[in-house]
Amino acid sequence: MKQIAGLLLTGAIGLAAGVPQDGLKAEMAGKWNEAISIYEKIIINKPQETDLYIRLSDIYNKEKQYDKAADVLSRAIAVEPRRIELYTRLASVYAVLNQPEKALSIWDKVLKLEPKNVSYLVAHAKIANWLKKSDLATADLKKAISLDPANEDLILLFSQSLEWAGKDIDAISLYKKYLERNPNNLKIWLILAQLEEANGDVKKANDTLKTAYTHFLKEPMSAQLKNNNSLNDIKVPILEYHCIDDVSPNTYTIATKEFKGQIDELASKGYQSITMDTLGKVILGQANLPAKPVIITFDDGCQNIYTKAFPILKSKGYSAQIYIITDAVGNNDMDRKNSTITKLGENAENSLTYYLTWPEINKLIASGWAIGSHSDSHPFMSTIDSQNQIYELLYSKLAILANTGSTITSFAYPYGDGDGAVALHNDLSSLGYTTAVASTGGVAELERMNQFNIPRVLIYGPKPAIDPLSQGVSTINNPLRPADSFISKIEPNDAEKAYGKAMLSSMSKEYANALSSINEAVKLSPDNINYLKTQWKIAGEADAPLILVNAANKIYQLEPTDENLLILARANVWANQLDDAYKDFKRYLQTHNEDQAVWIEYIQVQTWIGKYAQSMETLSIYKQKFGETEPYLKTKAEALSWGNRSREALSILNPKLQKSPNDYDAHYTRAVAYNNNFQPIEAIDELQTVKNLRLNAVQENNFLEKYLTTKFRPSLTAGFQYYSDSYDVSDRTLSLEGEYFLSPLTRLSAKIKWDDLRATTQSGFAQDNGQENANYTSATVGVNHRFSPNIELRATLGGATAEDNNNIVYSVGALWTPLNTLSVDLSHGHDYYIVSPRTIGRGIRDDYTQLKVLWEPNMKTNLNLTGTYDTLSDSNQRWSVELNPTWQVSRTQYWNFDIGPDVQFYGYDKQYTDHGYYSPKLIQEYYLSGYINWKKSDNDGVNLVLSAGAINDSYANQTKPSCAATLEGVFGLYRDWLIKASTSFDYTPRFYDHAYTGKNFSLFLTRRF
């Protein structure tokens, strides 16, 4: 459950039951060997303590001693062979060890124990795919989908498995089904088109690509040929390069020294580089040319463009246009030395050509380069039919968009075949291209230029550095088509080498190593957007939220786009920086008001922060815009569950889970709803379901378990309280209380309490015999039982001694909760009136009846009403009424602020002056209070209440200003040890015969078992 995203930072170290404190301390101090020694010694005597085996495996994993981790988990399985968690952990370790066969055998055992668990079936399928056992993987996924037919991630994974298994027709059908629900995944559109084309149906492939084109580019597929008659007679030299090669020069290569000489000469003559995108805008009348323009283009996408041409051009402030063959980019070859040798030109037998990767292309784009299409597979466009022509144009355009985010407008004919592909011009225009370049020789002259057959000057080698503007070169008629693509060769001691290592480690799922390498790459090149985006992704896999959010922040600083703002918002969620995420989502939605998914994320963040009322308001906006969608209902149920509207939440969740019984998030939310609706048994049953559905969600499941079960753990609480006031009365209280739950519905308790009350003789509150102190002691046992979500009864019985007086003490009570928003608590009891040494010495007894009503008319307002009536054994009666409404002012992740009046009236029937307590006929108190809460973490927090107002005392017949303050700290809400400490202070400048002050301090220490 994402409610407490910060638990994602905690890792495996937690205060698990049964784990020795000295071992945990050693872990927290990073003394791994010491912790190992402690746990191994315990295991020798208690081999059944499998939790300690888990601790050991976690430590070995941290230390990258994966063989040892596997060994201890195997030992644990021998002790507890039906504990599934042990198997899943062992399978993960074998995966890290690159032993998929062993991992698969472990998952086989898991599925024998729980054959219908969707998460386990998916894990088994992924290992099977790793081992290229596609039939086994598809069988797993088919079964998983039958169990959870609405799970779209399963549909996608099943589609991919069918494709890998060579079952293209089935894969095509499933990809289509996935895209019906997830039309914004461009890469899946491309995969679908590829499969359709590979199966001989180019028309269907084109229809698929046209649908994707219209969806992603939001532009109609219609002709946009335009003529611009106002252009002056300006010549634009467009230089056509291919590869920079010092080892095996041929017709399509040029030596680095020669290339540098040509660029130096261009710079010395004052030429300014532009791109074909700029030229396209000039043709459409949307931009102007500089005085001496030049366009530097590279065809095919050789890798040495990046390593050799790019630094030379950058040194002169030049950009370039690169035309890539999309089929020759990013094939994930791990070592280019083992890749296919591409032979080109006259010296083909000695030629090696490597191709750019998408990361390299993105770096060039980030540096001001422009990208264009050189087709998908580099055919002679004039020799293929029209369906295949459209496929080449559309696929390459969308593939570039998917991998770079760039919407391209320029095309380069493979083999320079512009004259032979005249019939293609209308297709180019209708598909959003504004220019196309050929190799017909000469300089582009704007007035006479056909925008879809723009000539270029082909620069080829080997030859000395020359003035390329003086050359007109004929088209090369029959060059060989380059072969497959390759990953770049990384230079030693370079950021790209670190980046390459990061990618290798990430693909091998060695995320710690990947993170270390990508951090080094970012350190060497801190403004590289591609590196930062890769760092962001790897940090997510490596559970490094701080690195992830820092990378997202830097990405947004460098490129403040809406897309990167969304990346930042999601990173802040993952890093538990929810206030920042809230602001980021809100900004994003100001310009993307129709993005349903982001609306849901925004509402969820509001809920996790505690802005329940605002969540409901935003849900109403969502409903007006998009209707009651499935995400709407799930998100509404979550907000209602945490916002104390559990019964309404259950009315949404129960029908939902009848249709989708394996919905993890819905079960998680229902567990919270049951808990807050006083149905603890149902909540704990849901907890087990949640664990079974998603074993790998360790942090989320652990929090839910602590949230639901901590209050049912046996406990022992020792307390100390001290009170003193300006009437020279003080009270020191010691207490010890134990609790034990027979079941989540029935609680037993026992309590011993001792009070030492003191007062000076002059105060009038000492004992009648002049003794200044008196003692009170009580011992009670109690029972609470919840009969239903609406009714709880409680009772205590015991004895008490007040100096020389002994008596039975008791209390009974009933809590009625007719609504989540309304509770009525009625109680009655009998005890001594513990006010001063005189009331104790006289043995004054108190029979009291109290009614408390709590009403929450909306999610921002609480109304507390308390009435009490006491009958004292000295023939006096006391009554009191207190009204305390509060309103929420602010909710953030760590700070809450509420405000409200506090009005109290109380008084006595008889106005005694010597019975040991102050008994005016009427006291009226009027306060305005501010309530400040700081939640340091889910375990620790501080509360501060500040009050100011006035008190009217009928005995003194005065109204005086008054103030009060209370500070409370709570530390360890879900830990084995809980500490509560508070101090308070009341002050009235002058009250009756002197100013009144009251001070109180308390400290409670709870040990849970």
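The following exercises, each with a worked solution, concern a predicted model.

Residues are numbered from 1 along each chain as its sequence is written, and side-chain values use heavy atoms, with hydrogens and water left out. Local features need pLDDT of at least 70 and side-chain atom pairs count only at pLDDT 80 or more, whereas totals for chains, interfaces and linings use all residues.

**Exercise 1.** Determine what span is expected for helix 26 and which of its residues are buried.

*Solution.* 
Step 1. Helices are DSSP runs of H or I with at least four residues, and strands are E runs of at least two, numbered from the N terminus.
Step 2. Helix 26 covers residues 612-626, which is 15 residues.
Step 3. Buried means under 20% relative accessible area, exposed over 50%, and partly exposed in between, with a 1.4 Å probe and protein chains only. The buried residues of helix 26 are Tyr-612, Ala-613, Ser-615, Met-616, Thr-618, Leu-619, Tyr-622 and Phe-626.
Step 4. An α-helix has 3.6 residues a turn, so residues three or four places apart point the same way.
Step 5. Helix 25 (596-609) and helix 27 (630-642) are among the elements covering these buried residues.

**Exercise 2.** State where Asp-870 is found and which residues it contacts beyond its neighbours within four places in sequence.

*Solution.* 
Step 1. Asp-870 belongs to strand 21 (residues 861-872).
Step 2. With contact meaning heavy atoms within 4.5 Å, Asp-870 touches Asp-846, Asp-847, Tyr-848, Asn-876, Gln-877 and Arg-878, those neighbours set aside.

Methods: Expected span 1.5 Å × (residues − 1).
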